[in-house]
Amino acid sequence: MRATIRILVVAVLAAVAGAQEVPRSIPHGSEQTADLGPQQMRQLHDTVDEALVRIRVGREFQAAESMLNGVWLQAVSVKPFEGQRELLVDVALARSELFEAQGQVELAGEATRYLLLNANAPRWKTRMERLVPASAELIALTNKTSMHPRLEARRRELFERSRKADAGDQESLETILRDHIETRNFKFVTEIGARAVPVLADVVLERPNEFPTVVHEDPLFFLVMLGERQAAELILRNIDAGGYAWHQRIIRAMELHDVLAMDEKWGDRPRAGAPRPCLVPEWPEILARFLATPDSAREAMKLVSQTIEADGVTAEMAQALNAALDSGQPDLKHDALSVLKYQGRKQSMFPVLEHAVAGDDPFVRRFAADKLLAYRTSEALRKRVDDPEPAVRTKLATLLGRHTIPNYNMWPAVTDAEGRALLLRLAEDEDVEVRRAAAESIVDLAEPLGDDVYFRLLDDPDAGVRMELVILDHPRPEFLSRVLDRLAADTDEEVLEALDERLRDNEKWHEHSTALRAAATRRLLERVRPMSQDGYDRVIRHLAGSDQGFRTLIEAALREEDGAILKRTLDFQSSIRTSFGHGSTGFLALDDATLADTLPALYRANEQSYYNVRNAIERAYPPRWAAMRRLLAREDAPIHVRLGAAKIASKGGGEEFRRQLLDLLADPLWRTRPPSETDRELLGMIGDALPSPDVNPLCLELARRRDVLDELCLTLMVEYRPSQPLGRDISLAVLDRWFSADGRTFIAVRKALFHLRSLPDHVDPKLLKSAARTEGYAETAVETMGALRSPEYLSILGECLNANWIYEPTSRRNVQFAAARALEGYLSDEAADLLLAGLGMASEDSVRDVCRQALENIRRYENEKRLWQEHKEGRLERDDAIVSLLALLADDDATIRAEAAKGLGTLGAVEYIPRLIEMLRDENDDVKSAARQALARLNETTGKKD
């Protein structure tokens, strides 16, 4: 009997297993026929009948399967044809019989339902789509065909047969299962599957306290494996059926099957804040019961971590965990804390932590306070502002600020008034760690507190509290600048190092460049506790990268003595900013006062950079004249730098500039430091650049200022304009101050001598005569005397034809030439006599040629003068004759009139041609002829025709 039952069970299992597979002999491709005729249809039906014979008689299953597959491929043709539905029914019934004959009873039933190889099963559908292109029309046809009466009858037949077999076999199967469980043959039990669950349940409840040492010999393990939901319900209903061993068996089975660990064991969270539901809800209930049971609480803790990880802690579990944390059992409390230690932010654990932070155990409170930092806020932790444990107060201070949660976002700092008030209380806590945490949170506030709060923190005796203000992000740059400046003046090395770190941060400079400047300046100038070289260079690089930062650097450089900042600034600024090829843009952005202060320092630090910047300033627009006038007035600046400033400012001119330039030129330092060639060049450029209205006023003042070196004055005096206002005064002042017959020769004096020719009323003949006897001025003096042509100068000019007091041949020759030209200008006999004398004294041919040419010009002048006189006299006689002839043109005697007309023609009286034309109408022909002859003659004279 047992052997029969075993065979039956094996057949059932084979049928179940076979129902999960597609027949292996189905081909992987098909050639479908578009249409079938009556003969082809008969052949297909005959093939089905032949396959049935092979199944029933010959037991040739493989051959029959191949035949049916071929017919099936024709039956599922894409294009419908007549008789297609009946053919599908015949193939389905034949297949059903084939599967039943092979012991695959379940698949025999499926063959009558899913004519396209079970289109509802994903595995089969994929296979089916590789065999045929299952169009929507084909699927609709096969679904409709599956309801055919013949197929329904076949399904009822199979069902009745299976039901009768199951009823008879159930009792026998239970007996077999119990035998295998007793012999620990659980492989057979697992093969039976879900039908073994009731038997396993009965066996487990019969001996709940039996604890097999090997888990794979425990029926409870296989009960959970084959029917997890049924097992959970059974355990929950009978959780008190046994004692300690029973509970340990349950915990072991739950742990080994990971009933709470895997993500697929849990559903979606129903709403915000609610615990995530377990798909087998009995397990969390069972776990909560174990946690509340003293003999199983510690072992159950192993499963709590899985529940927390899934964020599925129920209210009952939370209550049990609270009891464990509040209990007097150190081991249980330790296990509970160990479970909670490595868990992140889980919303379902929040009530547990809030309860724990209000407990009596200081360690638990500290632990819970630390864990609550993973949440945005905690009312329970807020109430611990007076907790005796400093660590709890520290965590509260951190919670009130902006804090980052590992693997989560950053929580913002508190915004409510109560939270800010708590922070202020904690900022005055007696514990230094609490104050540090409070300071950090205060710095993180989006809305700043009152200014006094930050200054109290700056006055805190602990360096760590003060150090928190280094990262302050305040909306008012001027206030933030004050705070950072205070920190830069701190005496603690850690505070300064933290500040230096911020000053090295590129991002901070982009956000708070204005506020960082004061602190950066103080740190750069610090000598007792200086910045590191790397920090020093980075700060300079940051500042040199912007106009405002560059100004800060320059202001700092002006306050130091060794010029180190300025030198490093020039290095970095030149590499970052370029203007005119010299990196001078930053200097041009300085205000007038700073620029005036910078150039002297720049000149001392790097002359080439100074010249580059000065050239850039000279080309700048708008002009920087105001800054240069400031620099010009600085008495402590090097003279060369002040002269450079004067060169640039001279283009603007003005009374103030002239006064400042005069003060510079009168500086006593010039007497110990004579002007160099470069200085004289600059002064010359200043004179060239001065606006025209400013030149003569400056030169007149210079001529009158005896405290200014002659060399400096005369360098500018060459620019004065004699023909403009004040020119007469300047010329006289120049001659009065610098002319000397035995002194140096100056261009300005020569210019003034030349200008005397336009000032005849102010000329001192003695001065000109003295100048003519001075080698450097002789030529100019002679030219001026020649222009004035006063008889008083004839004798000295005659002497200059010899000029024996001039020893340099070229100069003497030039004076002789000038004297000859001057005497020539007199055009008088006295001048000619002097030239004749000079011609005799001259020792050089060139001088004699000049004298001879001058005499020739005087002679020619005299001849022309005589001829003109004669011409004037002849002109008067002709005019009188013409007047007489005009009167005779009206005489009564025709002969007289004719002769008068001829006379006008002879005298060339072309101006009276119109009068002769009138004579052509005279009544006498002789008169007409005479007039015609006169007109012809006059026409020849004027080149005109009749």
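# Rings, charges and a buried serine

Trainee: Which charged end sits over the ring of Phe211?
Mentor: That of Arg252, 4.2 Å from the ring centre. "Over" requires NZ of Lys or CZ of Arg within 6 Å of the ring centre and within 35 degrees of the ring normal. Likewise, the charged end of Lys751 sits over Tyr720, at 4.9 Å from the ring centre.

Trainee: What should I know about the model and its numbering?
Mentor: It is predicted: local features need pLDDT of at least 70, side-chain atom pairs count only at pLDDT 80 or more, and totals for chains, interfaces and linings use all residues. Residues count from 1 along each chain as its sequence is written, and side-chain values use heavy atoms, without hydrogens or water.

Trainee: How many aromatic pairs in the whole structure?
Mentor: Nine. Rings of Phe, Tyr and Trp (its six-membered ring) pair if their centres lie within 6.5 Å; planes under 30 degrees apart are stacked, over 60 edge-to-face, the rest tilted. Phe550 and Phe587 form an edge-to-face pair, 4.8 Å centre to centre with 80° between planes.

Trainee: Where do those two sit in the chain?
Mentor: Phe550 is in helix α30 (residues 547–559) and Phe587 in helix α32 (residues 585–588), 37 residues apart. Helices here are DSSP runs of H or I, at least four residues, numbered from the N terminus.

Trainee: New topic. Is Ser296 buried or exposed?
Mentor: Buried, at 0% relative accessible area. Buried means under 20%, exposed over 50%, partly exposed in between (1.4 Å probe, protein chains only).

Trainee: What does Ser296 touch?
Mentor: His247, Gln248, Ile251 and Phe290, leaving out residues up to four places away in sequence. Contact means heavy atoms within 4.5 Å.
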